[in-house]
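Please keep the sequence and the model in view while reading.

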Amino acid sequence: ENEEFNAYFTAHGIVFQFPERRNIEEKDRVKVDKEPEERSVETIWHTATMQWLNANPSVELIAEQKVSNYYNYSNFYGGFDDKTFYNFVPAYKKIKYIDLYPGVDAEFELPEEGGLKYKFIVKPNVVVPLISFQWDGLDKISTDEKGDLHLKSKFAPESLNFEWQLLDHAPNAFTAASRSDIPVKFSVNDNKVELKLSSSIISSSEGIVIDPWLTPTTYPSLN
């Protein structure tokens, strides 16, 4: 969790929650038990989900860099079909997917500069598989002339006069040791996104790193 969004990691993919904070009119304010004052602001959560395609259903998730906060979740706020209540769940700064695809791990972390930094780590001599994912809860997915991926929400918060968006920066791919560049780009088909390399058969004795970066481009603030 950070100030821009919450991200819930599962074996199937990631549920993103984006907060919109609205002022509550004085006549509509109520006092919640054990709180010293009436609430003057409410938080509306908007959800989008990213689901892995053709990935390993038995992928192992490893959490690292635990933080001091705990959180309570239920229904993933419109995410995957999970009706369980989760209480006192710890939070972490880094999540690893081990063997998300054969010979491919994925790492996600929250950098100081914001957003969600992630990378796919292809092991030495492993041919890069088709890495793809599907988005739900979005209005439009497109790429621009830079190769950046624009993820436009179907929600238009009252505090903005336009929809919020996510920007997935154009990926870089390179060999792990010598850092020789390997051409790669996002390819979009409806709500499905693929990391497309210049050839369907690419591997390296050093291993390969594919390194995008997901950041919000609009953030709902108070009215």
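Which side chain meets that of Lys 123 in a salt bridge?

## Basis of the values

This is a predicted model, in which local features need pLDDT of at least 70 and side-chain atom pairs count only at pLDDT 80 or more, while totals for chains, interfaces and linings use all residues. Residues are numbered from 1 along each chain as its sequence is written, and side-chain values use heavy atoms, with hydrogens and water left out.

## Lys 123 and Asp 99

The partner of Lys 123 is Asp 99, at 3.7 Å from N to O, where a salt bridge is a side-chain nitrogen of Lys or Arg within 4 Å of a carboxyl oxygen of Asp or Glu. Because Lys 123 lies in the loop between β7 (116–122) and β8 (131–136) and Asp 99 in strand β5, the pair ties together parts that are 24 residues apart in sequence; strands are DSSP runs (E, at least two residues), numbered from the N terminus.

Lys 123 is partly exposed at a relative accessible area of 34%, and Asp 99 is partly exposed at 30% (buried means under 20%, exposed over 50%, partly exposed in between, with a 1.4 Å probe and protein chains only).

## The other pairs

By the same rule the count comes to 4 salt bridges. Lys 96 pairs with Glu 107, their closest N and O atoms being 3.9 Å apart; Lys 96 belongs to strand β5 (residues 85–101) and Glu 107 to strand β6 (residues 104–109), and both residues are buried. Glu 64 joins Lys 96 and Glu 107 in a network of salt bridges.

Asp 211 and Lys 117 also form a salt bridge, at 3.7 Å from N to O, linking strand β14 (residues 208–216) with strand β7 across 94 residues. Here Asp 211 is buried at 18% relative accessible area, whereas Lys 117, at 25%, counts as partly exposed.

Note on methods
Helix = DSSP H or I, 4+ residues; strand = E, 2+ residues; numbered from the N terminus.
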